[in-house]
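Work through the exercises below with the sequence and the model at hand. Each task is followed by its solution in steps.

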Amino acid sequence: MPDDESEKKTDSVLAWKKAQQLGRFDPNAPDHAQARLDAFSAEIEQKGIAVGKRCRVGGDDSRRGVVKYIGDVPEIPNGAGHWVGVHLDEPVGKNDGSIAGKRYWGEDSSMKHGVFVRPERIDVGDYPVMDDLEDME
């Protein structure tokens, strides 16, 4: 259905969102978006996330690496705000430090050591490289 026809309907989700002033129809939407962006920056500062620091991604401690990038990544759809680029110790990432042809760190590689995540998924600290073979004799 064309957009102009959809906007004329009174019994649609779009009409309901307009009436309730939700989403893009919320007059305070830009304030909410800016608050979210400010929260990303504050979390980076609060957690001490910085390029070159060792970290773990997620809470399960199975993915460790080094922070290589902090900033905007316009190539991620609907991804406004700061992202943290991590070079993982193991090739369990989604990229090699580049997205859509734009390189953020490192060199071209067939190994996928890179991942971009939001600051809330990062814990910085003394997370040494895990040795999977240390328990073998």
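**Exercise 1. Which residues gather in a patch of negative charge on the surface?**

Step 1. The patch consists of Asp-3, Asp-4, Glu-5 and Glu-7. Patches take residues with over 30% relative accessible area and no salt bridge, like charges being joined within 9 Å and nonpolar side chains (Val, Leu, Ile, Met, Phe, Trp, Tyr) within 5 Å.

Step 2. Asp-3 lies in helix H1, residues 3-8; helices are DSSP runs (H or I) of at least four residues and strands (E) of at least two, numbered from the N terminus.

Step 3. Asp-3 has a relative accessible area of 60%, so it is exposed. The classes are buried under 20%, exposed over 50% and partly exposed in between (1.4 Å probe, protein chains only).

The model is predicted: local features need pLDDT of at least 70, side-chain atom pairs count only at pLDDT 80 or more, and totals for chains, interfaces and linings use all residues. Residues are numbered from 1 along each chain as its sequence is written, and side-chain values use heavy atoms, without hydrogens and water.

**Exercise 2. How many aromatic pairs does the structure hold? Describe the one formed by Tyr-104 and Phe-116.**

Step 1. There are four aromatic pairs. Rings of Phe, Tyr and Trp (its six-membered ring) pair if their centres lie within 6.5 Å; planes under 30 degrees apart are stacked, over 60 edge-to-face, the rest tilted.

Step 2. Tyr-104 and Phe-116 pair edge-to-face, with 5.4 Å centre to centre and 75° between the planes. The pair links distant parts of the chain, twelve residues apart: Tyr-104 is in the loop between strand S5 (102-103) and strand S6 (114-117), and Phe-116 is in strand S6.

Step 3. Both Tyr-104 and Phe-116 are buried.

**Exercise 3. How many salt bridges does the structure hold, and which residues form one network?**

Step 1. The count is six; a salt bridge is a side-chain nitrogen of Lys or Arg within 4 Å of a carboxyl oxygen of Asp or Glu.

Step 2. Lys-47 bridges Glu-43 at 3.7 Å between the closest N and O atoms. Because they are four residues apart in helix H3 (residues 29-47), about one helical turn separates them.

Step 3. Arg-56 bridges Asp-123 at 3.3 Å. This pair links strand S1 (residues 54-57) to strand S7 (residues 122-124), 67 residues apart.

Step 4. Arg-103 and Asp-96 meet at 3.0 Å, N to O. Salt bridges that share partners join Glu-43, Lys-47, Arg-56 and Asp-123 into one network.

Methods:
Accessible areas come from the Shrake-Rupley method with a 1.4 Å probe; for residues, only the protein chains shown count as cover. Lys and Arg count as positive and Asp and Glu as negative; His and the chain ends are not counted. The place of a charge is taken as NZ of Lys, CZ of Arg, CG of Asp or CD of Glu.
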